[in-house]
Each structure stands twice: as C-alpha cells, then as structure tokens.
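Me: I'm new to this one. Can you walk me through it?
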Amino acid sequence: MSAPSKSSKKRLKFTLFISFFIVCFLIYRLGKLQVFESDELRKGALEQWTKSIEIKPKRGIIYDRNGKKLAVSVNAFTVWATPADIKDPEKTSKAIAEVLDIDEKTINEKITQRQSVVKIKQWITGEEANELRKLNLSGVSVVEDNKRYYPNENFASYILGFTDIDNNGLDGIEKIYDDYLTGTPGKWMKMTDAANRQLPYDGEKIYEPQNGTSIVLTVDETIQYFAEKAAQQALIEQKAKNVSVIVMEPNTGDILAMTTKPDFDPNNPREPLDDKLKKQWKDLPVEELNEKWYELWRNFAVSDIYEPGSTFKVITAAAALEENTATLDTHYYCNGFIRDIKGAVLKCVRWYNPHGSQSLKEAMNNSCNVAFVNMGRQLGKENFYKYIKAFGFGEKTKIDLLGEQPGIIPSSTDVIKEVNLATMSYGHGIAVTPIQLINAVSAISNGGDLMKPRLVKEMVDDEGKIVNSFEPEVIRKVVSKQTSKTVLSLLESVVSEGSGSRAYIPGYKVGGKTGTAQKIIDGRYAPGKYIGSFVGVAPIDNPQIAILVIVDEPSAGTYYGGSVAAPVAKTVLEETFNYLEIPPKYSEDDEVIEMVKVPDVRNKTIGNAGRILTELDLKYTTEYAELTNESKIIDQFPLPGVEVQVGSIVDLYMDAKATNKLTMPYLVGKSKDEVIKILNDMNLKYDLKGKGNAVMQDPQPGEEIDKNIKIVVKFE
Amino acid sequence: MAINNKKKGKGAVDFTLFLSVMMLVFIGIIMVFSASWPESMMKFGNGYYFLKKQLVSGILGFFVLLLCMNLDYKIYKKFSFPIYILSIISGLLLFTPLGVEIKGATRWLNLGFTTIMPSDIIKIGSVIFFAAFLTNKRDKIDSLAHGTIPALVYIGISCGIIVAEDLGTAITLAGTMMAMFFVAGMKLFHLIPLTVGAMGALWYAVNDPDHPHRIKRITAFRDPFADKLGSGWQVVQSLYALGSGGLFGLGLGKSRQKFFYISESYNDFIFAIIGEELGLLGALFVLILFMIVIWRGIVISLKIEDIYGCFLATGITALVAVQSFIHIAVVTSSIPTTGITLPFISFGGTSLIINMAAIGILLNISRHVNFGRS
C-alpha cells in the first residue's frame, strides 16, 4: 500500500477550491433569480398560469317602436381546439370533418398549429354541436356563443345594418349604436396547468359581463312591412333600378318606415338576394366584390342625391306664401315658354298646349313650370335661397345612419344666375337626398317646424327599464302655421284634382306632389333615365303621416311620378290608415263619382289629343323631351275604353323615332370649345380628333341625324 | 469526529457524510412525491406511483449502502477489470432488443422484472476501474505514451458507449474521469491539446446534424425568452419556477410549474421544483448539503493513506460533484440545457441505488482514515 503523492494532495485541495468556487457561483445564480429577478419572473409565471376567458355579453336587441324584435342575439356554437391536447391529429380532423362537412386537410392544418387555442368553426348548429360533443374528442371543445340574427331577413336592412362574425356592428344602427349594443364583456379568471386544466389551488374569479343596451327604434314594423311590400311590388312592376319609400311622422320627425329595394339580408350581407347576381358574384375578384358590396349596402334614402323636379315646387310655394310674394289669389299666365332669359328658353311641361291664366292652386295642380318660374322671380333669389337653406337642403339631416350626403345647392346667392333661379323654382339644378325632401315636407305639414329625423326613440336595459330616451328635436321654425295650412290645401287639391290623383284614397284627405326628373349621370342629363317621385301628406286636417316614394329608372313603359310613384304611396297610406285606425270621413264629393270612358288618342298628334282629353275633363301627361305639335302618340295608359273618374290622368307616349331626329349643326371653322358646347347642348355623343379649328365633320351640316349616333369632327 | 480507530477498516464512518447523504435521499423522496403528483395522477390515477418506487429504491439503496460500507473497498481493485467489462457489456446490451426506447432515447434495459439504466452502472464501473488503472500506472502517469494516451482511451471507451443516447451522463463521466486523472498527476501540459480536443468534440456534438436539438439548446440558452413557447420552453419554465419561489417558496407541495409546465419535473428539473416550493432557502440548503458531501469526499481522499482509496474516493466524489453541479447549472440556466438528474434526489431507481452504493464505498474508505491525526 502506497500513499498518494504530495502533488495529488495539492491537486485535491485545488479541486476542493474549484468546487467551492462553483458552489459560490451557483449560489449567486440562485440569489439573482430567486431574489433580484424574482418579481419579473413571477409575473411571467403568473401570466401563464392565469387564463382569463372572456365571457361575451349578450348584444342588445333592436326593437321597433312597439317592442317587436328586429335584431336579436341567439345561441350558437363555436368549435375550438387546443392543439397541445390533441393526441391523434389525423383521426381528430377526420372525425370533425365528417360532422362539420369541411375539408379534412384544412382542419388538420389548424389543429397542428403551434398555438394554445385555434378556432375551427364559428356558429355551427345545435345538432352539429351535440354530435361533436358526443364524440368526446380530446383537445376539441364546443363553446356556446352568441350570433346576431335578423328574424325578418331582408327587412329594414338599411336601418338595422349588420354585424361581422364577431358581433361588431358594421353598418346602420348596429354600427352607430355599437358601443351601447355591445355591452361590457365579463371575465372568467382561473389558474390552469399547461394544458389549461384548472389547478387544485387558487379559486376562480368570475366577473359578470354587462349585457348590451337594447335600442328601440321609431320604426313601426307593420308600416315598415307595408312600405317594403309596396316598394318590392313597384320594383318588379316598374322594372326599376331602385324603389325607395320613406314614411315619417311629421310632428315628431319619427321615421316610421324607410326602405329601398332591392336590399340585402343582414344575416348574410355579402350575398345578393337575386340568384342570377349570386352566380355572377361568385367569380368576381375581391376588389370588384368589395365595390359591389358597398354598392349593395348603400342606403339610397340618405346616401344618394337626385334632382327633385316638381316635388320641389312645394318648397317654392311655401317660401313664396310665407314671404307674401304669392297668395292664393295670385294668378300666373302660362304661354308655354320663358323666353326672357339670355341664352336659354325654358319650356313648360305643356308648352304645346299652354295653361294660360291660372291661380296658384291651378298652377300647382298643373305643375306649371312657367307659373313657378314667375313665383320664384317674385320671391327673389335671396329669399328663395334663405328658405332652401332653412328647409335643410344642402346640409345633412343628422339622421342616425351612415353615409348621409348633404346634397348640392348653390354655395351662395352670388352664384345664382337668373337661369338658376328660374330652374330651381321647379326643382331643377339642385340636388337633394330623399330624407331631406321628406323632412322639409314634414316641416311644412306640422305647422312649420323643421325636425331632426328621429330613428331611435330610447334605449332600454336587460329588464326593459329605459336608460336613455331621445326627445323629438326641433331644428328651427321655417314657416308659419298659416303658410303650412295653405300649402297643405294646395297639396290636397293636387291629389284630388291634379297630377297626384293616383294617390287619391276615398274618404281620406291626402295631399301630395308628383315629380319627374331626368337623371344626371356624370354631370349630364342621361337620356331615357328618369326618376319618378311622389311626396305626400295625410290626413290634411291633422297630418300624421308624410310619405316619399322614389322610383329610380322605371323601365316598364311609364315613368311619370304620378304614374309610377303615386300608386305606391296610395297603397302604403291606405294600409297604414287602416292599421292606425284613422277612420275615413266621406264628404259629399266623394260619394258622387262621375265616370268617363278613356278615348282612343293613339296615332293622333299631341295637339289634337290634348284637346280631346281636356274636353272630356281628363288630364294628361307627356314626357319633357323635344316635341313638336306634330309628334304622334304611339301609346296611352289607361287604354281606350277603360272607365275612369273624371279628372283622371292619361299618360301619353310619343313616337320615339320622330323625337330622336335632329338636324346636324354647322361646325367647320369653330374652335374645339365651341364645338363641345354645341354638341353637349344637343346631347350628342362625339369623337373629336386633332387640335385647333374644325376642318371636317361627319355627318354633313343640315343632315337629319339620329340622336344616338356618334359625331366625328376633325381639327387642325 | 473519529471516535475510535482500532484496526484499519474498522474505524468509525464519516458521520457527517452519512448524515448529509441520508438527508439528501430523504429530501429526494419527499420532492419526488411532490413533483410527480400531477403526472402520477394523470397517468395512473393515483398520486403515489412515483413515491412508492422511489421509497422502495431508497430502502434498497440504504441496505446496499450499509453493505458497501462494511465491504473492504480494496476488493474492488482486485476485480476492477471484470467489473469494468461487465459494466461495458451492460451498456452494449442497449443495442440489443433488451434496450427500451422511451421518449426517443434508448437508455433503459428491460430485465423482465425491472428496468435499469446501464449508464449508471458504467459510471461506477468506470470509476472503480480507472482508479485501479491510475494506481497501477502511478509512476508513468505523466508520460504521454503510458499515462495520458491510455487514460484517454479508457475515458473514450466509457463515454463513447453512452454518448449517443445520453450526452449529459457522458459529459458527467468524462468530467469525473478527468478529475481523477488530474488528481492522479497527469501532465498539465497535456491538458492544452486535450482542452482543444474536448472543445472540438463538444463543437462537433453540438453541431451534429443527427442531433439537431443540441444546437437549438445553445440558442435557447443565449436568450430563452426569444422562443418562449418553442426551444426556450424548458429553460423559461425552470426560471419561472425559481423566480416564483422567491426567498421562502410557495410552500411544500404547492408548485404550479410541476403541473406540466415543467416536463418530468421529478427528474431533470427537480431542483427547479425545490426552488419553487422551498424558495431560495430550501435550494441553498440542498446545495450546501451537496457541498458538504463534496467537502467530506475530498477530505477522505486527502486523508486516506492508500493511493487506490484516494483515487476511488476522488472518483466517487467527482461523480456526485460534476452531476449535481451540471444539474443545478442547467436549472439556473447557467449552462445550456442537457438532461441530467440530481444525484440522490431525482426519481430513478438504478441511479439512486448506485449512488448510494458509491457513498457506501466512500464511507468504507472513510473507515480506513485516521481523522484524529490531523
């Protein structure tokens, strides 16, 4: 046995020293981690132990004014996966794919992600949820969720708007009152292990969610239904692009109904209702689809502007009466034209058979442009402009909807030239939104107060307690009660005797005014595209309903407001009176109704036909386009032999070919600007080549040309 | 300390060492119970599965310790070569169908009635044999041809068998044998190319394309929080455990991290659970127990007047020291992660019994020491 060497003992001591050093270093590390960095690490640890699960609040309900549910939240189920807990991803995805009918691969991709939780599918049916739960797949859970549901489908879509898949409001009331409807989410805090199972210590904490506030609209579901039905019918019958109906309570400014057809189903806002469109949209690229969606969601009633045409005469008359520049006794003389404005000749609707002398009432009944130009002139542009502004044109009504447009009115009186004043008097050269017009007419009907259109009446909490209510809001007094009464009497006569007779309802005093205007597309009057409208008030003695019907691009033949829009208003009003139990009051006039047979005026010239119809006490309408006394009537409505009431209107349609013929002007030698002006004035399409002055034109000057051909002009 | 020293080999055991090891084993059984509870509940539906096994191993280990304590250590020198060969064979058996693959590594031998870890047998076998080798070559130990080269060959054989399946244990064993070689008197000059070579081998091991997880462990070590949910997961979870334990700990049994945040919390990361439940104070207590074991071990090597006893004591002490240092350094993220258990404490029957046997040998050596003389 030999003893270890001295060097070994030295080295052993050295080893002991090294060990001691290492222990000191480890003590330093432990101290650093457990004392100095402890707080930070503990925070990280706490974060991973604590799982806070959001408890979604129930989204508030949207009610109509009578407490009927228009938008509700229903239970739905969402499938979640925790990839860490899935033992056999392939089997699991196969099982899920079978129940939910989704591609196996997509599921497999989702459940193999390195994430703590993955959403597999939102909003599955109760049956699917039950089936999945029965399978008892580890790492897959079915969670109860809320889904927005609109029980009436495409009903009041433009008012209600819609939500996204996570219940965030995206449009309409859903968007504007999103904060109230959403409520405050609750939280479920618990300590869990790495696989999200609750730990045996530390209890759980639950913070209850606060459910969303419910919104009570001013809309009446029943009246909305009448409006939707009538609009849909008109859309089909008139083959129109859009039909918009707004029903308002004039005294409060409450919107009782507002619809535009075609619309969408807020349950599925990205799919058009029309099957043909659905197919077309399927293959569209996302960008184009986006555009289509926004077009679909565009609320015509507040977002689109149009030329009001004759309906605007109500505003002109109200202003003139209020300023006393016109009274019921004022007479106007119509010779068919306004010729004293430089560079412009304005025609009356019936310039070929002028109205002659007429009272204010008759001028309104006849919708005589010449009379209204004179009325506007007597009022003066300052006064007229004052009332246009006072009635709220050119500014938003501040209705609770998105995308409202202010319309277009002259920026100041300085830019109103003589011709502008004249055309504005009969509603041309000005652009308004439907909501502005009905709001202005409501102001006239309620005694002169311009109201802020009210869409939301109040907000109620879970238990139905009112938490916030919105009172009707007067913006300003525009006209006196007296003026209001006078205008109403004028409107009544339009319906009982004038161009609005198709809105006449026996037993009720309905007032209204029709309008027909050519559409303006890209700053020019678009040939063949019209907007026919009717604005009405009833009952005249105590107005409770104002209605505006707009038929955009009717293409089933007729397009006069009196023919396409007034009957729609009549349907809605009649049903609404019935529903609101407003009893009819028959006067003696109503009981004696004189009937007359419509004569055959086809193939007659307009001059002759006019005379025949006037003699029979019938009224008639024709389009605005250039007519000559020799223009032939090719069709009429109603057809010959139909019995109608005395005073009814017959729509006359002209030979389009005859009216489409124009004479080619002389263009050679003129500058480009001049040529453009001439051709624009004639509403012709053209193709200009080169620069300088015109040297060649096709067709030649003086040739008879069709309105639709393209003019070629060469410049040098 | 030394109460009597009648005949050589019949003196008193080093009681401090004995007590420290028994405390470590006791703490180990308690901590394995605590740390394994969630997994035991999850897998076996009762929380005592790991406790029972560890308790049985502990009792068995205690008897093995007593046996070794009373068996003259010199006998190992006689049989050192067969012991070595047997331990190497046990390692080679891993490559036969007897080898059991668990979690991607073949580290266990299935003997039918139980499974054992050959790496633990190789560890002790190598130490016994290497001590004998160093004793025999003591005069030429500083020569290259008779000292360094054969020493390195044996180190290579021992570690080579386990390196593929268990890098951590291979490193432990290499460190242990190098410490023995160092104490025995290797030429320090030879250390230079050796260090370079070791660095190279380590670099190769880390960048080995067959083991891509090793390089990930290095990046995860540099900034574990960069990929908290991926490669940095283990390190971050270990740090969270220590940090949330703080100074006093969450209390015995109250670790949150053992609930599957730290995988096999009763094994390669048990020190983190100690830190979490018992705080810095508990962790320091365990660390100091290890320091005492190492201190006593080195003191025994210093005092023993027999060169084989000195080298054997050095080897056993180094085995405990290297392995416990690496384990604690991994848990505190002081070095890159390498899976290695904490001697006496981590769950594992073979490991516990072999370690206790080794301590028994060390205690037997201590009986040959005359402590009173110093």
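Predicted model: local features only at pLDDT ≥ 70, side-chain atom pairs only at ≥ 80, totals over all residues.

Me: OK, which residue stands opposite A:F637 in β26(A)?
Reply: A:D651 stands opposite A:F637 there.

Me: In what sense do β24(A) and β26 of chain A pair, and over how many bridges?
Reply: Antiparallel, over four bridges. Strand β26 of chain A covers residues 649-654.

Me: What holds paired strands together in general?
Reply: Strands of a sheet pair through backbone hydrogen bonds, and the pairing is either parallel or antiparallel.

Me: What order do the strands of that sheet come in?
Reply: The order is β23-β26-β24 in chain A. These three strands make an open sheet with mixed pairing. Its edge strands are β23 (619-621) and β24 (633-637) of chain A, and each pairs on one side only.

Me: How far are neighbouring strands turned against each other?
Reply: By 30° on average, with direction ignored.

Me: New topic. How many residues of chain A are in contact with chain B?
Reply: 38 residues of chain A, and they meet 43 residues of chain B.

Me: Which element gives the largest share of chain A's side?
Reply: α1(A), with 18 residues. Two elements give two or more residues to that side: α1 (6-36) and α2 (38-49) of chain A.

Me: And how do the residues on that side divide?
Reply: Into 20 nonpolar, eleven polar and seven charged.

Me: Last one. What does UniProt list for residues 12-31 of chain A?
Reply: An unreviewed UniProt entry lists them as "transmembrane region". In the model, residues 12-31 of chain A are 100% helix and 0% strand. The end C-alpha atoms of that stretch are 28 Å apart.

Definitions and conventions: Residues numbered from 1 in each chain as written. Chains lettered and ligands numbered in written order. Contact = placed C-beta atoms within 7 Å. Nonpolar A, V, L, I, M, F, W, Y, C, P; charged D, E, K, R; others polar. UniProt positions renumbered as here; feature names shortened; annotations may be inferred. Pairing = 2+ DSSP bridges. Axes fitted to C-alpha atoms, helices over the stretch in contact; angles between N-to-C directions.
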